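Have the sequence and the 3D view ready, and take one part at a time.

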Amino acid sequence: MSALVTNSPVWKALEGHFREIKDEHLRSLFAKENDRGKHFTIEDTGIYFDFSKHRITGKTLELLTELARERGLGDKIKAMFAGEKINVTENRAVLHIALRASKDANIQYEGRNVVPDVHGVLEKMAGFANKIRNKTWKGHTGKPIKNIVNIGIGGSDLGPVMAYEALKYYSDRSLTIRFVSNVDGNDFSEALQDLAAEETLFIVSSKTFTTLETMTNARTARAWLLASLGDDKAVAKHFVAVSTHEKEVARFGIDTRNMFEFWDWVGGRYSMDSAIGLSTMTAVGPDHFYALLDGFRQMDEHFLHAPFSRNIPVIMGLLTVWYTNFFGAQTQAILPYENYLKRFPAYLQQLTMESNGKYITLNGEKVNYSTSPVFWGEPGTNGQHSFYQLIHQGTNLIPCDFIGFKKALNDLPPHQDYLTANMIAQGEALAFGKTREEVLHEGVSAELIPHKVFEGNRPSSVFFLDKLTPQNLGKLIAMYEHSVFVQGAVWGVNPFDQMGVELGKVLAQNIIPELQQDVPLRHDSSTNALIRYYRS
């Protein structure tokens with residue numbers, strides 16, 4: 001049976017409905033519904049979600065939620081939480097939700113409750129973090145550790161970097177926390193520029209302990225350390241590992257008692273609340289990390305139990321489908337009005353595009369519709385002076401997610417009022433624009449009128465929270481995780497593998513020796529020429 005969503009009867013109904021409302025302006029929709037700003041909102045788990053400025057009606061939502069039911073979303077959610085192997089291409093369960101489950105939860109995988117294992121690792125992480133924070137972990141020379149350098153790539157870097165920056169307000173400022181991911185040597189050199197080896201500890205995060213970029217940087221870090229300290233025994237005092245490969249960790253020289261485990265039912269981009277978050281826990285402390293997990297857990301419960309029509313991640317995911325497949329939107333902007341969330345858009349790029357950037361369905365068919373849009377963004381108000389021009393008056397329809405907070409962490413009146421006013425105003429301007437009549441009323445000269453008109457009808461969501469706490473960060477991350485799951489369920493793709501990441505990595509392994517030695521080349525003419533140019 002075909003897995004293509006375009007064969008669905010509800011999809012056909014949505015196509016007809018789209019033709020009916022595609023040209024209706026948000027001005028008209030708001031004029032028809034006086035309480036639209038209240039009706040199209042959900043307030044749950046401490047998040048106020050306003051989706052009233054979307055080009056939808058009540059019928060749109062009815063059809064979209066019916067599509068979700070027809071695509072088996074409810075059963076797929078239950079299957080994920082039950083530990084079924086829904087990652088069918090890799091024959092794995094998908095249990096990032098177990099990483100933040102309460103201690104008394106029972107989440108089964110292959111007949112075994114995985115929650116005790118999760119909490120065992122969390123307790124081990126807390127012990128390590130406390131030793132670093134209270135200065136009882138001593139380096140090879142007896143000095144306490146002041147610097148933590150996380151070495152990873154992809155999910156082993158983007159999650160910890162984002163979380164550290166987001167929660168920097170709560171961090172121990174006596175610690176220097178840095179991150180190395182790129183195999184570009186400049187990344188490594190700048191991260192270690194002013195650090196003393198005897199006060200520096202490296203967290204090497206690699207599931208297999210064979211990832212090219214991570215292990216290249218780890219070996220360079222090892223050489224850097226030994227160049228200063230001179231004794232191989234120093235490695236055990238200055239390196240810990242987040243991995244599943246005990247043999248490789250020991251071969252590197254790391255004491256396997258300082259290896260923090262995670263599991264093959266956790267995908268890299270879903271792993272920041274596992275041992276991959278060790279640098280985050282060390283920076284902010286175990287209590288704040290547990291609060292982060294509590295936020296994840298609250299959103300998990302909401303996603304599992306809330307009806308689709310009142311389910312924040314479900315509505316988010318369905319709106320992405322609506323714009324991607326019916327309006328032809330190719331990108332989605334993430335616009336946090338909170339400077340601590342400056343790395344949040346980059347984190348979501350991997351979460352969304354590595355998950356649903358697929359053209360093959362779960363049963364191997366090629367799709368005849370678009371899947372994941374491109375996610376991008378910057379914090380407000382900086383973005384307003386950069387790319388908002390295109391969002392307002394460009395030729396592309398770009399749905400926007402605004403993320404705001406009622407309270408500032410650093411209270412400097414009137415900054416938060418100005419920041420929030422800008423966020424709310426941008427949504428209003430995108431939705432309603434400025435008509436020719438309004439421009440004329442302002443007395444603008446005739447030749448400038450076309451330039452001053454804003455068509456509006458540009459859709460946006462607002463996610464409003466009280467303030468940026470570890471708990472609220474957890475809610476936001478889980479909210480987007482589950483939205484991605486909803487999109488994948490509708491499109492019939494697997495959000496939990498990443499086959500497209502592998503090909504370039506495999507080919508790079510072939511090219512490395514060809515760059516280092518004068519050997520015969522057997523590539524296409526362009527690739528051969530590039531290799532020769534580098535070698536010359």
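## Two neighbouring strands

In this predicted model, strands β10 (residues 331-336) and β12 (residues 400-405) run parallel and are joined by four bridges. To find a spot where they face each other, look for L335, which stands opposite F402 in β12.

In general, the strands of a sheet pair through backbone hydrogen bonds, and the pairing can be parallel or antiparallel.

## The whole sheet

Now zoom out from that pair. Strands β10 and β12 belong to an open sheet of six strands, and its order is β1-β2-β13-β12-β10-β11. The pairing in this sheet is mixed.

Which strands sit at the edges? They are β1 (41-44) and β11 (374-376), each of which pairs on one side only. From one strand to the next, the twist averages 15 degrees.

## Two helices that cross

Next, turn to the helices. Two packed helices are described by the angle between their axes and the distance between the axes. For helix α21 (residues 502-516) and helix α22 (residues 525-535), the axes come within 9 Å and cross at roughly 40 degrees. The two helices are therefore oblique to each other, and α21 passes α22 in a right-handed crossing.

Which residues make the contact? From α21 come I511, E514 and L515, and they meet T527, I531, Y534 and R535 of α22. Sorted by type, the residues of this contact are four nonpolar, one polar and two charged.

Key: Residues numbered from 1 in each chain as written. Predicted model: local features only at pLDDT ≥ 70, side-chain atom pairs only at ≥ 80, totals over all residues. Heavy atoms only, no water. Axes fitted to C-alpha atoms, helices over the stretch in contact; angles between N-to-C directions. Parallel < 35°, antiparallel > 145°, perpendicular 65-115°, else oblique. Left-handed = near helix turned anticlockwise from the far one by under 90°. Contact = heavy atoms within 4.5 Å. Nonpolar A, V, L, I, M, F, W, Y, C, P; charged D, E, K, R; others polar. Pairing = 2+ DSSP bridges.
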